[in-house]
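I opened this notebook to keep track of what I look up as I go through a structure that is new to me. The entries below follow the order in which I looked.

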Amino acid sequence: MKAIGFKTSLPITDNNSLIAFETEKPTPTGHDLLVKIKAIAVNPVDYKIRTGSSKDTVMETPRILGWDAVGEVVSVGEKVTLFKVGDEVIYAGEITKPGTNAEYQLVDERITGKKPKKASLAEAAVLPLTALTAWEALFKRIKLQPGEGKGKSVLIIAGAGGVGSIAIQLAKKVAGLKVIATASRPESIEWCKQLGADHVVNHHNLVEEVKEIVTDVDYILDFADTYGHWDSMVELIKPQGHICTIVGSSGKPLQVDALQSKSVTLSYELMYTRSIYQTEDMIEQHHILNKIADLIDSGEIKSTLNTTLKGFTVENLKNAHKQLETGKTIGKIAIEF
């Protein structure tokens with residue numbers, strides 16, 4: 001089967017930064033589904049792994065990136081009970097295994113969901129990673145219940161990004177929160193408003209602009225820069241509030257004690273935790289993805305697709321990486337096979 005990967009860390013402009021190659025089609029066992037991939041999404045984690053690898057090491061076999069896909073189940077392992085051959089599925093896969101940048105891929109059924117019936121292939125492909133991240137942040141880390149957020153507020157930092165775009169919708173439509181999102185460019189501000197944000201503020205003047213709307217916020221979802229926004233988050237969070245972040249502090253120390261006087265909870269969210277550690281509740285991601293599919297089909301939320309590239313080629317993958325590396329993309333990028 002055809003796959004695209006990288007052997008060493010190179011600038012995306014280098015001819016060998018991503019390369020096409022042939023590899024054996026895998027065979028499913030246990031809870032594995034063998035999926036024939038029809039479309040993928042490209043995420044910041046893809047280029048971060050590519051650029052973050054050792055520049056002094058050249059892998060003998062290219063590493064296959066990619067952690068978002070929609071496809072058709074063509075074979076199943078002996079323990080599979082949730083899906084059958086012919087089912088269309090969506091998933092974000094496992095970060096420790098070969099990714100979605102291939103014609104076929106194995107994925108555990110317990111982290112796989114049904115494809116929304118009313119979504120196109122590209123619209124479906126961009127959902128899993130960001131929807132799982134946003135859902136887990138709101139309903140697993142902060143531990144909100146659907147509808148429980150009425151009368152409360154959330155600040156979403158990086159509202160126009162991939163995770164922020166779905167988080168705005170889940171926070172507004174499912175949790176019932178007042179949503180304040182950050183964006184700075186006219187097009188990203190408009191994007192956040194279209195997704196349902198009640199207010200959009202500039203992260204360059206965060207404290208002042210938020211305080212023009214509310215005194216403080218009940219919850220903060222940080223999808224951009226924990227260290228850079230730390231002092232602002234400490235000031236803006238309500239006593240006994242909750243901050244959830246999906247990014248580290250780039251090795252810089254956080255003054256966590258600053259949260260003590262307010263009795264604020266700080267949580268980290270990584271949607272790969274369940275698959276990395278094979279946690280007992282891995283199947284929860286199957287249920288979450290099915291809920292997302294139902295929300296799409298009912299029209300309560302919409303796909304965050306913004307760019308579609310046609311064809312599973314090195315050129316298209318490089319194009320997607322280039323766009324993401326600017327840090328200015330809005331919504332999600334999909335590639336249809």
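This is a predicted model: local features need pLDDT of at least 70, side-chain atom pairs count only at pLDDT 80 or more; totals for chains, interfaces and linings use all residues.

What follows are my entries on a sheet and its helices, on one strand with its partners, and on a group of charged side chains.

I looked up the strand order and found an open sheet of six strands, running β11-β10-β9-β12-β13-β14, with parallel pairing. I then saw that β11 (199-201) and β14 (265-268) stand at the edges, and because each has a single partner strand, one side of each is left without a neighbour in the sheet. Neighbouring strands here are turned by 20° against each other on average, with direction ignored. For one pair I went into detail: β9 (residues 153-157) and β12 (residues 217-222) pair in the parallel sense over four bridges, and Ile156 stands opposite Leu221 in β12.

Entry two, helices on the sheet. I followed helix α3 (residues 128-141), which lies across β12, β13 (237-245) and β14 and runs at about 140° to β13. Helix α7 (residues 226-236) lies across β9, β12, β13 and β14, and I noted its angle to β13 as about 160°.

How many of the residues of β16 (residues 332-336) are buried? I found that five of its five residues are, with Lys332, Ala334 and Glu336 on one side and Ile333 and Ile335 on the other. I recalled that in a regular strand the side chains alternate between the two faces of the sheet. Strand β3 (residues 32-42) runs antiparallel to β16 and is joined to it by four bridges, with Ile335 as the bridge partner of Ile40. Strand β15 (residues 305-310) runs parallel to β16, with five bridges between them, and here Leu309 stands opposite Ile335. I traced the chain from β15 through helix α10 (residues 314-325) to β16 and noted this β-α-β crossover as right-handed.

Glu136 pairs with Arg274, the closest N and O atoms being 2.5 Å apart; as Glu136 lies in helix α3 and Arg274 in helix α8 (residues 273-276), the pair ties together parts that are 138 residues apart in sequence. Arg141, partly exposed at 24%, also forms a salt bridge with Glu136, at 3.7 Å between the closest N and O atoms. Arg274 is buried, with a relative accessible area of 7%, and Asp281 forms a salt bridge with Arg274 at 3.1 Å between the closest N and O atoms.

Methods
Residues are numbered from 1 along each chain as its sequence is written. Side-chain values use heavy atoms; hydrogens and water are left out. Two strands pair if DSSP finds at least two bridges between them. Axes are lines fitted to C-alpha atoms, for helices over the stretch in contact, and angles run from 0 to 180 degrees between N-to-C directions. Contact means heavy atoms within 4.5 Å. Buried means under 20% relative accessible area, exposed over 50%, partly exposed in between (1.4 Å probe, protein chains only). A crossover is right-handed if, with the strands pointing away from the viewer, the path from the first strand over the helix to the second runs clockwise. A salt bridge is a side-chain nitrogen of Lys or Arg within 4 Å of a carboxyl oxygen of Asp or Glu.
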